[in-house]
Amino acid sequence: MIYGELRELKFYKGISKNLDKAIECIESGAYKTAPEGKNIIDGDNVFFNCQTVKTQPVEERFFEGHKKYIDIQIVINGEEKIGYSTRSNVVRTTPWNRETDFEKYEGSVDHLFELNGDTFIILFPEEPHMPLVHGENGPMEIKKVVFKIKTAE
């Protein structure tokens, strides 16, 4: 997991070719005006989902994880907190779905990271995370993007 300000994202270039493509798209700012839904950068290797969603209390959220894709999550409008926990502090509650690259977990939140228009979080495969937790201003509708970066198989 990597958390920081968007202006620092350039420091993570070179980790992988696919991650570099996502970072270059973010640096261009093109995601800010993208249409809702799936936006392709490089087929199934690199794409992002633009969505308008509502944040909720932490008690109503759940942990999720992926095996094939790295996530980069960025809020365009509004604020969100993302819960994070180590694998040893969660229990998988659904089997991994190969088609959706998704599994659910239950457990306690070790850390909460704030996302707003200036910050990002990178979540690597098998790192449990809890998106859409409301911030200090309570539940709200937010616009965000989730970049999906395929890892080597």
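Reader: Which residue forms a salt bridge with Glu-136?

Author: In this predicted model, the closest N and O atoms of the pair are 2.7 Å apart. That's inside the 4 Å cut-off, so it counts as a salt bridge. The partner of Glu-136 is Lys-81.

Reader: How many residues apart in sequence are the parts that Glu-136 and Lys-81 tie together?

Author: Glu-136 sits in the loop between strand S11 (129-133) and S12, while Lys-81 belongs to strand S6 (residues 80-84). So the pair ties together parts whose separation in sequence is 55 residues.

Reader: What about Lys-148 and Asp-71: which strands do they lie in?

Author: Their side chains meet in a salt bridge, 2.6 Å from N to O. The pair ties together parts 77 residues apart in sequence, because Lys-148 lies in strand S12 (residues 141-150) and Asp-71 in strand S5 (residues 69-77).

Reader: Where is Glu-27, the salt-bridge partner of Lys-13?

Author: The two side chains meet at 2.9 Å, N to O. Lys-13 is in the loop between strand S1 (2-5) and helix H1 (17-28), 14 residues from its partner. Glu-27 itself is in helix H1.

Reader: How many salt bridges does the structure hold?

Author: Some of them join up: Lys-67, Arg-87, Arg-92, Glu-103 and Glu-126 are linked in a network of salt bridges. For the whole structure, the count is eleven.

How values were computed
Residues are numbered from 1 along each chain as its sequence is written. This is a predicted model: local features need pLDDT of at least 70, side-chain atom pairs count only at pLDDT 80 or more; totals for chains, interfaces and linings use all residues. Side-chain values use heavy atoms; hydrogens and water are left out. Helices (H or I, at least four residues) and strands (E, at least two) are DSSP runs, numbered from the N terminus.
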